[in-house]
Amino acid sequence: YVSKLGGGLVMVGGPDSFGAGGWKGSPIEPLLPVNLDLPEQVMAFPAAVALVIDNSGSMARGLAGSSSSKQRIANEGAALAVLALDKSDALCVIAFNSSPEVVISARRNKDAKKNAEIVRGIGSGGGTNIGGALRAAGEQLGKLDKAPVKHVILLTDGRDEQRVDLAGIAGELKSRGIT
């Protein structure tokens, strides 16, 4: 009616009608004279989460009473956390054994399914360097100045082989606004 016959369309609404409202992605969106996407530079991250996942050799072992390895269970738990995050939330994933590896660098969780599959593919092997992984998570979260909430979630079965002051590292992260 509007595009082919030249008829008029009037849209009226309040603060929940446009932008984050229910019309984004609807058949009406292309007819509107406004862009329903919020500019990226205006949007702040509601939350930023660093998942720090142990992938040392001991994670390949089975968990008592389960047919799954500790690695598979940790990966699946982390993948479910990724899927629970909003696409506007920020995410980074650090896998660690003898050294940390940034599996997913700090960015919006725009493709949660793809990110979850990446997490599910983390393998096992090596030692346990928790301190290095926590520092790497702090570096990644430090890049996200606009995130009002920053969390590190550590999944591990072991002790830090480096025997560093993990409480001290946690305190340092907390002083930077990272829980």
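**Chat about the sheet and its helices**

Modeller: In the protein chain, 69% of the contacts with a separation of 6 or more are between residues 24 or more positions apart.

Colleague: OK. Is this a predicted or an experimental model, and what is the mean pLDDT?

Modeller: This is a predicted model. The protein chain has a mean pLDDT of 88, with 89% of its residues at 70 or more.

Colleague: Which helix has the highest confidence, and which the lowest?

Modeller: Helix H2, residues 112-120, is highest at 98, and helix H4, residues 166-175, is lowest at a mean of 95.

Colleague: Switching to the fold, what pattern does the chain follow?

Modeller: Along the sequence, the protein chain reads β-α-β-β-α-α-β-α. That comes to four helices and four strands.

Colleague: And in what order do the strands sit in the sheet?

Modeller: The order is E3-E2-E1-E4, in an open sheet with mixed pairing. Strand E3 (100-108) and strand E4 (150-155) are the edge strands, each pairing on one side only. On average, neighbouring strands of this sheet are turned by 10° against each other, direction ignored.

Colleague: How many bridges join E1 to E4?

Modeller: Six, and the two strands run parallel, with E1 covering residues 48-54. For Leu 51, the bridge partner in E4 is Ile 153.

Colleague: Where does helix H1 lie?

Modeller: Helix H1, residues 70-84, lies across E1, strand E2 (90-96) and E4. Helix H1 runs at about 170° to E1.

Colleague: Last topic, how much of the chain is buried?

Modeller: Of its 179 residues, 40% count as buried. The accessible surface of the protein chain is about 10200 Å², and 55% of that belongs to carbon and sulfur atoms.

Terms used:
Residues are numbered from 1 along each chain as its sequence is written. This is a predicted model: local features need pLDDT of at least 70, side-chain atom pairs count only at pLDDT 80 or more; totals for chains, interfaces and linings use all residues. Side-chain values use heavy atoms; hydrogens and water are left out. pLDDT is the predictor's confidence in each residue, from 0 to 100. Buried means under 20% relative accessible area, exposed over 50%, partly exposed in between (1.4 Å probe, protein chains only). Contact means heavy atoms within 4.5 Å. Accessible areas come from the Shrake-Rupley method with a 1.4 Å probe; for residues, only the protein chains shown count as cover. Two strands pair if DSSP finds at least two bridges between them. Axes are lines fitted to C-alpha atoms, for helices over the stretch in contact, and angles run from 0 to 180 degrees between N-to-C directions.
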